[in-house]
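Trainee: Could we go through this model together? I would like to begin with how the chains meet.

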There are 2 protein chains.
Amino acid sequence: MALYDSLFSQLDMTAAQLLVTDNDFRDPEFRKQLCHTVNDLLSLKVIPIFNENDAVSTRKAPYEDSSGIFWDNDSLSALLALELKADLLVLLSDVDGLYSGPPSDPKSKLIHTYIKENHDGAITFGDKSRVGRGGMTAKVKAAVYSASAGIPVVITSGFAADNIIKVLRGECIGTLFHRDARQWVPTGETGTREMAMAARECSRRLQAMSSEERSKILLDIAKSLEDNENKILSENAADVAEATEAGYEKSLISRLALKPGKVSSLANSIRVLANMEEPIGRVLKRTELADGFILEKTSSPLGVLLIIFESRPEALVQIASLAIRSGNGLLLKGGKEAKRSNSILHKVITSSIPESVGEKLIGLVTTREEIPELLKLDDVIDLVIPRGSNKLVSQIKASTKIPVLGHADGICHVYVDKSADKDMAKRIVLDAKTDYPAACNAMETLLVHKDLVQTGTVNELIVELQIKGVTVYGGPRASSLMNIPEARSFHHEYSSLACTIEIVDDVHAAIDHIHRHGSAHTDSIVTNDSDVAELFLHQVDSAAVFHNASTRFSDGFRFGLGAEVGISTSRIHARGPVGVEGLLTTRWIARGHGEVVNGDKGIVYTHKDLIV
Amino acid sequence: MALYDSLFSQLDMTAAQLLVTDNDFRDPEFRKQLCHTVNDLLSLKVIPIFNENDAVSTRKAPYEDSSGIFWDNDSLSALLALELKADLLVLLSDVDGLYSGPPSDPKSKLIHTYIKENHDGAITFGDKSRVGRGGMTAKVKAAVYSASAGIPVVITSGFAADNIIKVLRGECIGTLFHRDARQWVPTGETGTREMAMAARECSRRLQAMSSEERSKILLDIAKSLEDNENKILSENAADVAEATEAGYEKSLISRLALKPGKVSSLANSIRVLANMEEPIGRVLKRTELADGFILEKTSSPLGVLLIIFESRPEALVQIASLAIRSGNGLLLKGGKEAKRSNSILHKVITSSIPESVGEKLIGLVTTREEIPELLKLDDVIDLVIPRGSNKLVSQIKASTKIPVLGHADGICHVYVDKSADKDMAKRIVLDAKTDYPAACNAMETLLVHKDLVQTGTVNELIVELQIKGVTVYGGPRASSLMNIPEARSFHHEYSSLACTIEIVDDVHAAIDHIHRHGSAHTDSIVTNDSDVAELFLHQVDSAAVFHNASTRFSDGFRFGLGAEVGISTSRIHARGPVGVEGLLTTRWIARGHGEVVNGDKGIVYTHKDLIV
C-alpha cells in the first residue's frame, strides 16, 4: 500500500486502501454501502485499492482454501467487478494473456478472444501436461465468471506500462473474455486454428492409407456428386438468383453458374484424377550411402493448404480432389456470392470421406473475417494458393508469412527480332494479345527490333492489332516514331484489348527491357535466327520463355500437367504453371542395419547414385 | 486563408496570415523583425501562415521563374525554416514521401532516410524515365538545402491527419533529410538495395557465361587464395588476437581461427566444385506438347542469396564458391569478430571475378544495422540462409518475408521398438546423443516401447547414457517408473550431454509423440520388425526418417550431396539436408514453329513425356 501511495502521489493522485473479508460480503447492507463508498472515492479522484483484510480474516490456509465467496485476488476482483457494476475488469499477469498451451512452448499461441465452447478443452490440456500455468487457472476462472455475468474481462501483462491504456483504447492485446464472444466469431480464431490442426491430423491419416484407398475416396466423391446433382444445381440456382437480384456484373454471374452437364464433367475429371499415377511416396533419388545402407528422397504431401478463390464453385471440387489425391489437408474460402453452392459441394465431398480419415480433412471457411486469422497460422498452414484477381493475390502476399503460390501480375512480352518471319510474328502477336486478353499470360508489351520500322513490319503489326480492336500505346521511342499515344508506364498490365509497343535496338536491349519492366511470368521471341533464339531462351529470367510460340501456352493444361494448381512467379518451391507437384514436398528415408556416425569413423561411405 | 481560419477556429486556435515577397528578404532588418513577429505570435498561440504576397510580387511567370531567394512554397518554407531557426521542417505531399522511382511503379520503394551520396543518382532516374514526380523535385531540393544548413526535414503525406503528430513522435514515416544521415547509416538502406540489385545484374551476366567460363572463375579463385595465403592468415591472426583480448569464449575463438593447411584445403574444395557437373540448365523434364513443339523444364539459378553466418571465416569461401557454381548473386554478412578475415577473403575472391561479370556479384555487408534493411528487400533477394544459432534463425524467420532456408530447432527422436536388437539400440542411441551433442541432428528425446521396461532394456539404456556423461530426464511416465528427474517440456533442445526419455505404448504412440512434440527434423526407429519400420518410415512427417540408423546421418556430406547449404525444416522449396539444388529454381523453355493457342483450336496436343 505504501508503494501504491508513493507511486500514485508521483502522479498527484491519492489512493485509498479498502480491506474486506469474505464475511463482509454476506451482509447486503455492506454491499450497498460499498458501492456508495467506491463511487464517492472515485468522484473525489481517489483510487480505491482492495485487498483481503488478512488481519481479521478467518481463513485458515490462505493459499489453499478456495472456499467462500472469494479466495484470492482474482476471485475478489471478479466479485468486486460484479458488485460495483464495472464496465470492464482488467487482470494483470506476468505473461501476455492466456495461451493455447504452456507459454514456454513456441507452438503455444496467445488466445485473443476466449470462447468457452472452443477453449475449454485446450486449457485443461495445459494442466494435464503438468507444465502448469501458474496463477492463470485462477485468472481464467475469475474471468469466465465475470464475463458470464456480463462484465467483460481482459487478461494482459502488467509488465508493459501502457497495457492498461491500450486495453482502454480497444487495442487487440491480451485475452478478452466476453459473454457474447461466441456470437461475434462464428468459428473464432481458435476455431480457425483448430480447423487447420484438424485438417493436418486428418491428412496424416489420409497419407497413411494405401493409394487404392485414396483413389476409392475420389471415386466415391464422383458418385456422390452425380447422385446429388439436383440438390447442387438448385443451391447454385439460388446463388445465381440472389447475385442477379443484387445486380452483380454479368461476367461474375456467368462464372458463378454451373452450366448443364458441369456436375457430371466434374465427376469425370475426378475419376481421371483417381486413376492417375500415385503422386505420394515416389522415389525421386536413391543413393547408396554405404554398403547396404540406402537413402531415398521421396515425394510427400505438403500438409495443410489454404485456398482462397472467387466466384467459380467448380474450383472447390477441383481443388478438394487434388488435395485428396496428393494427401493434403485443405481449408477453403470461396466467394460469398457462391455461399450456397460451396456449402452443398463441401457437404457432398466431405460426406464421402471415410471416418477413418475424418471429414475435417477439408474445412470450409465461411466468413471473410477469418482470413486474417488464417493468414497468421504460419505454423499450421504450409501453403496459401489465392485464385482470383491480382489485387487479391497482392493483398494476401502482403499480409502473411505463409508461402504463397501464385502471381500478382503477368506483364508478358513478345519480342519480334529482325529475322522474324513476318506472318508468324503477326500470328503470334495477335494470339498472345487477343486469344484471351484478361488472362495473365496475355501479351502486354510488344518489343520490335528497330530494323523493322523501315520495312513497315512495325506499322503492319500495329494495324493488325488495331483491326482486332486493340488500343496500341507506345513507349517513348515508338510513340514518337509511329505517332501513337504514349503509354504511362512499361510496368502495366492492361488485362484488356490494349497493349504497349516499343522499338528496341536488338535482342540484348529486349532482354534488358524485359528484366527491367516485366514480371518474370512468360516472355516469347519470334525469330528465325537460332543463335538469337538460344540467347533469349537462356538469358531471359522468367518462369516461362518461348521461341516462336504464343505466350498463351503458359498454362498447366497446355503444358500437360493435368490439373493446374496455379501459375507461380515466385522462384521458390514451384515456378510457372504448377500441377500437383506444387502440392508436394520431399522426405528423406534411409534404411540401415544399425549404422552409426561415430565421428565419421563408424562407416565407409560409398555415395553411389542408384537407378530410381 | 479563410479555410485555415475556419478550420483552426474549430480547434479554438487563431491563425495569422503573413504575406512576404522575395524583396523583403533582402532587407536584414526585415529578417530580424520577422523572427520577433513569429515568436510573439507563437507565444500568443497564434499560428503564422506564410505565403508569397502575390499582389505585390514582382515575379513575372510565377510557375516557371525559379530565380530569386525563393520561388515557390517549398523554397519559401526552407528559407523560413532557416530564418526562424526551426527545429524541424515538415513538407506535406500527396505521396508518402520520396520514392526510389515513380511511386506508381510497384518496384519503387519509399526512402526512409535520404542520403545525398547514395540517392542523387536514383532520383535523376525518376526524371529521365519521363514518368515524373510532380512537385517532388522542388521538395527534395528544398529539403536538401534546409538539411545541409542544419535543419532536419521530413517529407510525408498530408492526407493522413495524424502524420504531423507521428513525425513529432519520431515515428519512421515519410522521408527524413538530415545533415548527419550519411554517418548514421554507413551504406544506408539504398546502399543495401543497390548492393542487392547490383548482385542480380552481375548474376545475370554470370548465368550467360558458358559452364567452362564459370569453372575458370572458380579455379582462379582457388589459385588466388593460395597466392594470398600469408595475407589471409595474418588478417585472421589479427582477428583471433583481438577476440582473445576481448575475452571471447574459447569455442568461438577456435571456430574463428584458420588452422594450418585450411587455406589450401579450401582451395582444393573449390577445385572439386569447379569440376562438378554443371548444375545450371539441366533438363529436368521434357514434354512434346504437339508435333515438333517441345517444352523443357530446366534448372536455373535462384537469383540473389543473402547468407548470414557467424564466426567461421571459411564459410564465406564455401558459400561464395557455391554461389558462383550455381550462377547466383550473393550478399554475405559475417560475424564482427571475423571482420578482418572476411574482408580479406572477400577481396581475394571478388578480385578473381572477371570484369565481364562484375565484382559486385558478391557483396560484403559489414554492419549489423544493415541486416534489417536487407531483410526488407523481398523484391530483390530471393532466399536467406542463416547459418548460426537457433536464436539467429528464429529472429531472421520472424523478421522477413523473404523465404528462409534453415531450421530453428532440431528436436530429434530415436524410438526403440519392443522388437529392437538391444545392442543395436544402445549403439544408435549413444551415437545419436553423444557423437556431437550440440548438433541439430543429435537426439533430444529417446522413446522406448513399454515392454522394454520389464526386460531391463530401458534401465540399461539410461545407465549407458549416464556412463557417457549424459544427464537423463524423464517424461511423466518414465520419471515415475525409472525414478529419474522430470523433464520440464518435451519440446526442448538440450544441445548438450542431456536428453529426455519417455515410455510409449507402441509405434503409433511414438509417432503421435513425435508429431506433437518434435520439430520435424530427423527421427529414427530401431526395430527388427520390418512392418513396424515401414509404418514409422511412412507416417513420421519429418524431413528425414531413418530405420536402424543414427539420426546423426542427417547431413549434406553424409547424404552425398557434396557441399551443404543447410538443413531445412521448411516444407517449401527444399527439405532436410540441402546441397546446391537448394540454390536453384526452374524455368520452362519451349521451342516452337509459330504455334498459337487460338482458343485451343490452333494446335493438336500430344502431351508426350520424352526421355531426358
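Mentor: A definition is needed before that: two residues are in contact if their C-beta atoms, placed from the backbone, lie within 7 Å. Please also keep in mind that this is a predicted model.

Trainee: Understood. How many residues does the contact take from chain A and from chain B?

Mentor: Chain A contributes 66 residues to the contact, and chain B contributes 64 residues.

Trainee: Which elements of chain A supply at least two residues each to that side?

Mentor: Among them are helix H8 (189-208), helix H17 (422-434), helix H22 (530-539), strand E18 (544-549) and strand E21 (584-595) of chain A. The largest share comes from E21(A), with eleven residues.

Trainee: And what is the make-up of that side by class?

Mentor: The side of chain A that touches chain B has 26 nonpolar, 23 polar and 17 charged residues.

Trainee: Back to E21(A): which strand of chain B do its bridges join, and how many bridges are there?

Mentor: E21(A) is joined by five bridges to strand E18 (residues 544-549) of chain B, and the two strands run parallel. Within E18(B), His547(B) stands opposite Arg591(A).

Trainee: What rotation superposes chain A on chain B?

Mentor: The rotation is 180°, with 0.1 Å of shift along its axis, and the RMSD is 0.5 Å. The two copies are thus related as by a two-fold rotation axis.

Trainee: Which residue of chain A comes closest to the rotation axis?

Mentor: That is His573(A), whose C-alpha comes to 1.9 Å from the axis.

Trainee: Changing topic, what does UniProt list for chain A?

Mentor: An unreviewed UniProt entry lists "domain: Aldehyde dehydrogenase" for residues 193-455 of chain A. In the model, that span is 48% helix and 19% strand, and its end C-alpha atoms lie 64 Å apart.

Trainee: How many helices and strands are there in chain A?

Mentor: Chain A has 22 helices and 22 strands.

Methods
Residues are numbered from 1 along each chain as its sequence is written. Chains are lettered from A and ligands numbered from 1 in the order in which they are written. This is a predicted model: local features need pLDDT of at least 70, side-chain atom pairs count only at pLDDT 80 or more; totals for chains, interfaces and linings use all residues. Copies are superposed by least squares on the C-alpha atoms of residues with pLDDT of at least 70 in both. UniProt positions are given in the numbering used here, feature names are shortened, and annotations may be inferred rather than shown by experiment. Helices (H or I, at least four residues) and strands (E, at least two) are DSSP runs, numbered from the N terminus. Ala, Val, Leu, Ile, Met, Phe, Trp, Tyr, Cys and Pro count as nonpolar, Asp, Glu, Lys and Arg as charged, and the others, Gly among them, as polar. Two strands pair if DSSP finds at least two bridges between them.
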